[in-house]
Amino acid sequence: MPITPDLLSTKQEDAILAVLHEPTLEKAAESVGVDEKSLRRWLKDTEFNKSYREARRETFRQAISLTQRYASVRGLPVPLSQFMRKPPHGPEPAHRSAGASSGTGQYPRRPPTMPRVP
């Protein structure tokens, strides 16, 4: 991740990585050893924010690249966006799914949009 070291302190560079890896700013600040207010102030700074956004874009690019590589290795026959769609009302409870109360002991059939993955 290209961070401009000449303009940022070591703490600020560590803070950028922490913000990318931690779920909240509070935890990111704690992991670096600075106050959350300082981290929020840094995010308003032009150079810090520019470096943060650049690092975030690079992280996103890498995640997309790995996802595409994994999909091509597995030979998935459908676009990856099919796997990212969520059901409109969430997953159906087991007691409502097809075959759950039929007494056959078999699992419900796979929805037609889901491919069989070897």
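I began with V19 and its accessibility: at 13% relative accessibility it counts as buried, where buried means under 20% relative accessible area, exposed over 50% and partly exposed in between, with a 1.4 Å probe and protein chains only. The model is a predicted one, in which local features need pLDDT of at least 70 and side-chain atom pairs count only at pLDDT 80 or more, while totals for chains, interfaces and linings use all residues. I kept the numbering from 1 along each chain as its sequence is written, and side-chain values use heavy atoms, with hydrogens and water left out.

I placed V19 in helix α1; helices here are DSSP runs (H or I, at least four residues; strands are E, at least two), numbered from the N terminus. Leaving aside its neighbours within four places in sequence, I found V19 in contact with L25, A28, L39 and Y52, contact meaning heavy atoms within 4.5 Å. For V19 and L39 I noted 20 residues of separation in sequence and 9.1 Å in space, C-alpha to C-alpha.

I then turned to I16, which lies in helix α1 (residues 10-21) and is buried, with a relative accessible area of 0%. I16 is 26 residues from W42 in sequence, and the C-alpha atoms of the two are 9.7 Å apart.

W42 is buried, as is F48, and I looked up the rings next. The structure holds 1 aromatic pair, formed by W42 and F48, which is tilted, with 5.9 Å centre to centre and 45° between the planes. The rule I used takes rings of Phe, Tyr and Trp (its six-membered ring) as paired if their centres lie within 6.5 Å, with planes under 30 degrees apart stacked, over 60 edge-to-face and the rest tilted.

For the helices, I found that the axes of α2 (residues 25-32) and α3 (residues 36-44) come within 8 Å and cross at roughly 105°; α2 and α3 are therefore roughly perpendicular to each other. Axes are lines fitted to C-alpha atoms, for helices over the stretch in contact, and angles run from 0 to 180 degrees between N-to-C directions; under 35 degrees counts as roughly parallel, over 145 as roughly antiparallel, 65 to 115 as roughly perpendicular and the rest as oblique. From α2 the contact uses L25, E26, A28 and A29, and from α3 it uses E36, L39, R40 and L43.

Last, I recorded the whole protein, which has 5 helices and 0 strands, and in which buried residues make up 18% of the 118 residues.
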